[in-house]
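Dear colleague,

Please find below the sequence and structure that I am handing over to you. My notes on what was found follow directly after.

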Amino acid sequence: MPSVVAHELLDTLNRDYERLHTAKEDAFWTAYMGLTSDPAAARAELDRREIALRRCLQDPARLALVREQLRRLESEGGAGAGRADDETLVALRGWEATFAAHAIADAGARELGESIVAAEGRIANARGAMTLGYREPAGGRPGEFVPASSVRLGAMLLSEPDAARRKAAWDGLRSIETCVLEHGFLDIVRQRNRFGRQLGGEDYYDAVVRRVEGLSKRQIFDWLDELERATRDAGRRAVEALSAERGERATPWNLRYWAAGDVTREQDAWFPFSEALRRWGRSFAALGIEYQGATLVLDLLDRQGKHENGFMHGPVPAWREHGRWRPARIQFTANAIPGLTGAGRRAFETLFHEGGHAAHYSNIDMPAPCFSQEFAPSSVAFSETQSMFLDSLLGDADWQARYATTRDGEPMPPALIEKGVRARQPLAAWELRQRLSVCYGEKALYEIPEAELTPQRALETLREVERRLLFLDEGSPRPILSVPHLISGESSAYYHGYVLAEIAVEQTRDFFLRRDGRLTDNPRVGPSLREAYWKPGNSRRFADLVQGLTGAPLTARHLAARVNRTADEAAAQARAELARAAGAAGRGGAAARPEPVRLGASIRVVHGNETIASTEGRTFEECAAAFADFVTRQERAAG
Ligand SMILES: [Zn+2]
């Protein structure tokens, strides 16, 4: 029985991979959450474990072994020999795809890859150690330097009423660019390009997307170019209209504030940070989302020394080992700042977003762990489709009518819901272009000829992209090189995934709305996503999965139509949603949903090394109450 050999090979691969993956991910969490007093040592430990995992995945001998077993099984007609052998074939094909996405035949290229990881570690340390903040403009203490994370600086652009202080916050974000350029980012770009060409790509960007998405850089940007053309007029009109309305030229530090600053503050009381966990649990449970026994660890508050961007990582991948279910352990993080205007809304967005990633990865039901890890050949665009579909619900009028209440349980008035929709719609196309600008800027960096790659040339290139996409002389509110994805190895050449995901999100929303008439509290959403999107893991490609659920090839039509609506059109749709939701509640629909919340997950909320709330021996409601208490205390302390 040659398949005995295949079984042994599979068991070894599964075991070795799980061990290396979990070890690396636990070190990742320690380093990124700033859990030790020695960040450099934590980072060094992470780099060591990351290199051990990479060596396993990049080893061409493993790919050869898997292919040899596959060939033998296939030539012996293994697929017809029963369920166990079918499973073996499926698992081997998964490993083949995984090793093919990582294997590096050339030893020199493997070495170069490792030296890039080390350089990325050094730049991450420099970025973590920089004194980031803003200089207080005129007023009480002019010239005083106020330390602030990039998260806080970004939030100030949205909600700080004083224009000079918003400008100071934007200058703070620009200083991140200077910092990473001074600490060798362009050397990393050069090394990455050399590495990408050794892998057979045009440059680093091209090589990465070929491995991760199975698409060339050209294919991806053909898609983005189409969206760029479709949103150009609406984007420019929005900037011109806001400038005309205010009687002054729009700048990166006033555009978003003009558009939505007032309404962000007005709606703030209906998004109390302390309620975020409870409403996330209720809303996901009402969608029929189940975590299949997973353990979820959540670290939601901003903290000195913690990575300044929300993410989800799965230290223990979900899979089925010889028929036995192995639930996931998933950890996710946000950077909410208690007491800051807009912090509650951002906390909701992150919980829905990262909780959406966690739902996806907890539900992958395949016979090997390679299908349910979040790296290549798992598609970034497809992963983001899950999280962005779920965080999109927060902007829906019917979701806000159902869940957005003050601390005292007062629902948001319909007029305020409509006001929010009216305020945000005019910039929708422009916001999409802001994300496009990051993609075009990153692509352009890797296309600067090596001899011309100086900090000045890099910045000129980025500013040119920002002006072209955003119609603002000074550039983007989010300077391209301040986006952490570009710096970190695992999320570089990645940002287009968000834009492709937005395309798929609109198509998915359109599918559910046509089939079921609603998204909020629709209990058929979770089971449908589980069957069509989640269970197959990375065994199927992004566009195939979207077509599998929605029945249509991937198309940007729905997204372009949504962002190009006028404020009046968006408001009319919101009113229709509200009327329908009120009708359903009147008939005992959504509002009759029973407690308690069941998510099929064991949840632990932590703040660094401290556990602040947990479902261990408690109900979800008790855990959510403990979280609310903790946040309320933090808010009081923040004054
Ligand atoms: Zn995401």
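The structure is a predicted model, in which local features need pLDDT of at least 70 and side-chain atom pairs count only at pLDDT 80 or more, while totals for chains, interfaces and linings use all residues. Residues are numbered from 1 along each chain as its sequence is written.

The protein chain is divided into domain 1 (3–103) and domain 2 (264–431 + 496–638), with bounds that come from an automatic or database domain assignment. Their centres, taken over C-alpha atoms, are separated by 30 Å. Across the boundary, 24 residues of domain 1 are in contact with 23 residues of domain 2; contact requires C-beta atoms, placed from the backbone, within 7 Å. On the side of domain 1 that touches domain 2, helix 1 (3–32) and helix 4 (83–102) each supply at least two residues. Helix 1 gives the most to that side, with 11 residues. Helices (H or I, at least four residues) and strands (E, at least two) are DSSP runs, numbered from the N terminus.

The largest nonpolar core has 169 residues, and those with the most contacts inside it are L296, A347 and F627. Such a core is a set of buried Ala, Val, Leu, Ile, Met, Phe, Trp, Tyr and Cys residues joined through C-beta atoms within 7 Å. A residue is buried if 20 or more other C-beta atoms lie within 10 Å of its own, exposed if 12 or fewer, and partly exposed in between, with C-beta atoms placed from the backbone. Helix 17 (residues 428–447) gives the most to this core, with 10 residues. The core draws at least three residues from each of domain 1 and domain 2. Not counting residues up to four places away in sequence, A347 touches F273, A276, L300, A334 and A336. Apart from this core lies another, of seven residues, among them A27, F28, M33 and L46.

Strand 4 (residues 311–316) is largely enclosed by the rest of the structure, because six of its six residues are buried. Four bridges join strand 4 to strand 7 (residues 329–336), and the two run antiparallel. H313 has Q331 as its bridge partner in strand 7.

Finally, A574 lies in helix 24 (residues 567–586). A574 is buried, since 24 other C-beta atoms lie within 10 Å. Leaving aside neighbours within four places in sequence, A574 is in contact with A397, I417, E418 and V421. The C-alpha atoms of A574 and P414 are separated by 9.4 Å, although the two are 160 residues apart along the chain.

Technical notes. Two residues are in contact if their C-beta atoms, placed from the backbone, lie within 7 Å. Two strands pair if DSSP finds at least two bridges between them.
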